[in-house]
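Have the sequence and the 3D view open as you read.

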Amino acid sequence: MSKIIYMKTPSIARLTALFVLLGFLLAPLYSTAQDGKTAFLAKDNLVPVLGSGKVKVRFYTDYFCGPCRALEPKIEPLIADLVKRNAITITFIDAPFHTYSSLYAKYFLFIYRDRREPEYLLKARNILFEAAKQQKDGNPVINNPPALEEYLSKNYLRFQPYDPAAVFAVLAGYIQEDKINQTPSCVITDGGKKETYRGGADIIKALSAIK
């Protein structure tokens, strides 16, 4: 049995409180988005999804999660191949487990809005992970919108800002539905069967098994 490596949340109580807060603030948006009545989401397809295969994948990471950062470059070629072969529909969900996670998640949504080519988006995720890795005295150096925008621009990434509340509502709903409390995690639904995988080795194994 492979050893599961993941990022632990600061505390289950804190995570639960976060979900409750998200539920109160975003529940109306989430319900509207889920039943297809939100023209904003339907028109622009702003939930970060790649591919249109029958196997549904929800990939949960956090840019400040060391194991997630180690997994991403290993899994990128596999994801790119599965998307190219139209084997999966993958949704990228950045879990809000760190103080600055939501800032980085927001800019990934901005990048996704501007350009949705798989290779470009996977490269963008790598760059965001590298930005999060830069720390001083245990704190992120790039910790505000101007600094992150400058870093992304220097790495030739474009982004289109907008109010992402409706998208965050959908993603928060997925986190609650899948009971995600650690990263990296991956939920795969195939033929009505839904399985959750945690840790890099198990996630790679599960994705590699998709035909």
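## A loop residue to start with

Tyr156 sits in the loop between α6 (145-154) and α7 (165-178); helices here are DSSP runs of H or I with at least four residues, strands are runs of E with at least two, and both are numbered from the N terminus. This is a predicted model, where local features need pLDDT of at least 70, side-chain atom pairs count only at pLDDT 80 or more, and totals for chains, interfaces and linings use all residues. Residues are numbered from 1 along each chain as its sequence is written, and side-chain values use heavy atoms, with hydrogens and water left out.

Is Tyr156 buried or exposed? Tyr156 is exposed, at a relative accessible area of 68%. Here buried means under 20% relative accessible area, exposed means over 50%, and partly exposed is in between (1.4 Å probe, protein chains only).

Now for the strands. Five of them make an open sheet, ordered β2-β4-β3-β8-β9, with mixed pairing; two strands pair if DSSP finds at least two bridges between them. At the edges are β2 and β9 (193-198), each pairing on one side only.

Strands β3 and β8 run antiparallel and are joined by five bridges, and Phe59 stands opposite Cys186 in β8. On the other pairing, β8 and β9 also run antiparallel, with six bridges. There Cys186 stands opposite Tyr197 in β9, and Asp190 has Lys193 in β9 as its bridge partner. The hairpin of β8 and β9 has two residues between the strands, and Gly191 takes a positive phi near 60 degrees there.

## Charges across the chain

Side chains of opposite charge can pair when their charged atoms come close. Counting a side-chain nitrogen of Lys or Arg within 4 Å of a carboxyl oxygen of Asp or Glu as a salt bridge, the model comes to 13 salt bridges. Three of them are worth a look:

| Salt bridge | Closest N to O distance |
|---|---|
| Lys54 and Asp190 | 3.1 Å |
| Glu177 and Arg58 | 3.4 Å |

Take Lys54 and Asp190, which form a salt bridge. Lys54 is in the loop between β2 (49-50) and β3, and Asp190 is in strand β8 (residues 185-190), so the pair ties together parts 136 residues apart in sequence. Lys54 is exposed at 64% relative accessibility, whereas Asp190 is partly exposed at 36%.

Arg58 has a salt bridge with Glu177, a pair that links strand β3 to helix α7 across 119 residues. Glu177 is partly exposed, with a relative accessible area of 37%, while Arg58 is buried at 18%. Arg58, Glu177, Asp178 and Lys194 are linked in a network of salt bridges.

Arg58 has a ring to look at, too: it lies over the face of Tyr174, 4.0 Å from the ring centre. For a charge to sit over a ring, NZ of Lys or CZ of Arg must be within 6 Å of the ring centre and within 35 degrees of the ring normal. Arg125 does likewise over Phe108, at 5.1 Å from the ring centre.

## Rings and the core

Rings of Phe, Tyr and Trp (its six-membered ring) pair if their centres lie within 6.5 Å; planes under 30 degrees apart count as stacked, over 60 as edge-to-face and the rest as tilted. The count comes to nine aromatic pairs. One of them is Phe64 with Tyr100, a tilted pair at 6.5 Å centre to centre and 45 degrees between the planes. Phe64 lies in the loop between β3 (55-61) and α3 (66-84) and Tyr100 in the loop between β4 (88-94) and α4 (101-114), so the pair ties together parts 36 residues apart in sequence. Phe64 is buried at 11% relative accessible area, and Tyr100 is partly exposed at 25%. Tyr63, Phe64, Tyr100, Tyr104 and Phe129 form one aromatic cluster.

Which residues touch the most other members of the largest nonpolar core? Tyr104 and Leu207 do, out of 61 residues in that core. Helix α5 (residues 118-133) gives the most to this core, with nine residues. A nonpolar core is a set of buried Ala, Val, Leu, Ile, Met, Phe, Trp, Tyr and Cys residues joined through side-chain atoms within 4.5 Å. Leaving aside neighbours within four places in sequence, Tyr104 is in contact (heavy atoms within 4.5 Å) with residues including Tyr63, Phe64, Leu128 and Ile142.
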